[in-house]
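Dear colleague,

Here is the structure we spoke about. My notes on it follow below the entry.

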Amino acid sequence: MNLDEFEAPDLSDAGFFPERYFEGAPSDGRMKGVLFNDLERLVGPGQLGASARERYVAFKDYSTAEWCRVLHDAAKRAYPRMATRAALHRLGLRAYEAFGASTAGRVMFAMTGRDLGAIYRMAPRIVGMVHRGPVLEIESLGEGLMVLRARNIWDFPDCYSIGVWRSPAVSFGERCEVRIRRYSICDMDYLLDFR
């Protein structure tokens, strides 16, 4: 595998068109309410924006398109002075703790402890619990180095998802560099380096 094909993410708003994600998200894609609820805790009750519902139930399904709209609006509300991609990345950094606070998250992470490799190897299973549509595969390249192949990821894979993949390490005060190899708007490989 040629690791030189992976590049650092661009968290500026150059060439960023969020409508492509809203409109491109598959109609059968679903996201559980647990992460919607975390966004509401951050920005405040009733502050998720015009595209949000009054209430989200933690493990009820909501459309991926709705998730993308709410996520985008929450990023702009929570971090109004940041580029939207950078704000979405910042929201992604909350994912590990948000899911970890749920009953399912506590059970899953009780098995891994603070072992980043074990947590990342569980990523396909965890994403499958909260998000219907994406397909993930993990390939270990050695201690602290993995490639996560993600297909059909519509929730801003070039910024929000990078924050999601970094979130366990950040929660533990550890380092995790993420570089990307882009195939399409919703298909990417992530090189996770947490050595």
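Helix H9 is mostly covered, with nine of its twelve residues buried, where buried means under 20% relative accessible area, exposed over 50% and partly exposed in between (1.4 Å probe, protein chains only). The buried residues of H9 are Tyr160, Ser161, Ile162, Gly163, Val164, Trp165, Ser167, Pro168 and Ala169. The helix runs over residues 160-171 and reaches 16 Å from its first C-alpha to its last, close to the 16 Å expected at 1.5 Å a residue; the expected span is 1.5 Å times one less than the number of residues. After H9 comes Gly173, with a positive phi near 70°.

Please keep in mind that this is a predicted model, in which local features need pLDDT of at least 70 and side-chain atom pairs count only at pLDDT 80 or more, while totals for chains, interfaces and linings use all residues. Residues are numbered from 1 along each chain as its sequence is written, and side-chain values use heavy atoms, with hydrogens and water left out.

The protein chain has nine helices and seven strands; these are DSSP runs numbered from the N terminus, helices being H or I with at least four residues and strands E with at least two. Its radius of gyration is 16 Å, close to the 16 Å that the globule rule gives for 195 residues, so the chain is as compact as a globular protein of that length. That radius is taken over C-alpha atoms, and the rule is 2.2 Å times the number of residues to the power 0.38. The C-alpha trace spans about 45 × 40 × 35 Å along its principal axes. Of the 195 residues, 53% are buried. Among contacts (heavy atoms within 4.5 Å) with a separation of 6 or more, 67% join residues 24 or more positions apart.

- Thr64 is in helix H3 (residues 64-78) and has a relative accessible area of 2%.
- Met146 is in strand S5 (residues 145-151), and its relative accessible area is 2%. Gly117 is 29 residues from Met146 in sequence, and their C-alpha atoms are 8.4 Å apart.

Regards
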